[in-house]
2 protein chains.
Amino acid sequence: MKLLEERIREQGIVIGSDILKVDMFLNHQIDASLLFEMGKEFKRLFEKERITKILTVEVSGIAIASMAALHFGVPVLYAKKTPSSNSSSDVYASDVYSFTKNKTYNIRVSKEFLSSDDSVLIIDDFLANGNAVLGLLNIVHAAGAKTAGVGIAIEKGFMPGREIVKKQGVHLESLAIVEKMGPEGIIFGKND
Amino acid sequence: MKLLEERIREQGIVIGSDILKVDMFLNHQIDASLLFEMGKEFKRLFEKERITKILTVEVSGIAIASMAALHFGVPVLYAKKTPSSNSSSDVYASDVYSFTKNKTYNIRVSKEFLSSDDSVLIIDDFLANGNAVLGLLNIVHAAGAKTAGVGIAIEKGFMPGREIVKKQGVHLESLAIVEKMGPEGIIFGKND
């Protein structure tokens, strides 16, 4: 998606060869209009899939998933990372290891919001090692629901995430794929 | 806002006399269309204010603030609760005690995204004791920015939040004010 690639080039901050900060428009400050357009693009990419629900994980997937939901006309469900005194214990759960934070999260979704009738589009901000997506796929499987696809805002094409997710036989689309980055700039690739 | 009051009546779960769960459409599952309409209502309520940025706090304020941002045409900035290895140490910070979680969070915003030129609309999902809003107001003050107003989705009118926020001389608007709740149902009130 040209609009997103341009924004990453203009405002993304590359640290070393594998950290890309997009705090200017996605992960701290949010450009809602850009995310609205990204949601529209997800709708175009997954137009042929039956989708009843969008699933993401807090925190940074929520805004993108919500904008996509406007175009799909379905609810968003976000997996929680932190235990809450308000939460039910009746949940689908999966462990997710985050390399960025060097920590394992137990992500959870209330059973009441996901059923075997659901056909789920998983949306997340980044795909790198694929751990968050695998955790969300586990939750969809546990509910007996179907996975309609996985939509990613920014994929790190030099990381193993794509291969790991594709091995699950899932329809994967990324809006921007960073093949390489460093002091010389960013090189983008294409979806398979 | 009638639409939100009706939804709270239909899908809100009241526990005891002070806990209101809105996991069905706001805090776990998100009805993006409803939040889009709530964003439109915030625009109407704060139409006369100069607003350059919307400020909220993760997690549950993000979706509402993002939808509001579509109508205001300004960026959203969300304060972070958890330290990140990707974060700069150059932040405005404030301590916020959460009664729900019985825990104090240090909420933080990067200095680069808030300046003395900004006129900020603070948006959050709930107003109860006012602690989250006071923390966000501290951050706006620390940046030397102006507070254009505080927009709340659901206010617990029987809690001291309104009084505490109004003491700061801030324009406060809540989309739904729960005056009383219990087994007999929910009674809504009005903004001053």
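Helices (H or I, at least four residues) and strands (E, at least two) are here DSSP runs, numbered from the N terminus. The model is a predicted one, and the values below are computed from its atoms. Chain A superposes on chain B by a rotation of 180 degrees with 0.0 Å of shift along the axis, at an RMSD of 0.0 Å, and that is the relation of a two-fold axis.

**Symmetry and the shared surface**

- Among the residues of chain A, the one that comes closest to the rotation axis is A:Ala63, whose C-alpha is at 2.7 Å.
- Because 100% of the interface residues of chain A are also interface residues in chain B, the copies meet through the same surface.
- The contact draws 39 residues from chain A and 39 residues from chain B.

**The interface between chain A and chain B**

- The size of an interface is often given as the accessible area lost when the parts come together. For chain A and chain B the area buried between them is about 3300 Å², with 58% of it on carbon and sulfur atoms.
- The count of salt bridges between chain A and chain B is 0, while 12 residue pairs, with both residues at pLDDT 80 or more, are found in polar contact across the interface.
- On the side of chain A that touches chain B, at least two residues each are supplied by strand 2 (19-21), strand 3 (29-30), helix 2 (32-45), helix 3 (62-72), strand 5 (76-79) and strand 7 (103-110) of chain A.
- Helix 3 of chain A gives the largest share of that side, with 6 residues.
- Sorted by class, the side of chain A that touches chain B consists of 19 nonpolar, 13 polar and 7 charged residues.

- One open sheet of 7 strands, with mixed pairing, runs in the order 11(A)-10(A)-9(A)-8(A)-4(A)-5(A)-3(B). Its edge strands are strand 11 (185-189) of chain A and strand 3 (29-30) of chain B, each of which pairs on one side only.
- Another open sheet of 7 strands, also with mixed pairing, has the order 3(A)-5(B)-4(B)-8(B)-9(B)-10(B)-11(B). Strand 3 of chain A and strand 11 (185-189) of chain B stand at its edges with a single partner strand each, so one side of each is left without a neighbour in the sheet.
- Strand 3 of chain A and strand 5 (residues 76-79) of chain B run antiparallel and are joined by 2 bridges, and A:Ile30 stands opposite B:Val76 of that strand 5.
- Within chain B, strand 4 and strand 5 run parallel and are joined by 4 bridges, with B:Leu55 standing opposite B:Leu77 in strand 5.
- Within chain A, 8 bridges link strand 8 (residues 119-127) to strand 9 (residues 146-156), and these strands run parallel. A:Ser119 has A:Lys146 in strand 9 of chain A as its bridge partner.

**Backbone details in the loops**

- In chain A the peptide bond from A:Glu58 to A:Val59 is cis, with omega near 5 degrees, and A:Val59 lies in the loop between strand 4 (53-57) and helix 3 of chain A.
- In chain B a cis peptide bond joins B:Glu58 and B:Val59, with omega about 5 degrees, and B:Val59 lies in the loop between strand 4 (53-57) and helix 3 (62-72) of chain B.
- A:Asn102 has a phi near 50 degrees, which is a positive value in a residue other than glycine, and A:Asn102 lies in the loop between strand 6 (91-98) and strand 7 of chain A.

Note on methods. Residues numbered from 1 in each chain as written. Chains lettered and ligands numbered in written order. Predicted model: local features only at pLDDT ≥ 70, side-chain atom pairs only at ≥ 80, totals over all residues. Heavy atoms only, no water. Pairing = 2+ DSSP bridges. Contact = heavy atoms within 4.5 Å. Buried area = accessible area lost by both parts, 1.4 Å probe. Salt bridge = Lys/Arg side-chain N within 4 Å of Asp/Glu carboxyl O. Polar contact = N/O pair within 3.5 Å; in protein donor to acceptor, adjacent residues only side chain to side chain. Nonpolar A, V, L, I, M, F, W, Y, C, P; charged D, E, K, R; others polar. Least-squares fit on C-alpha atoms with pLDDT ≥ 70 in both.
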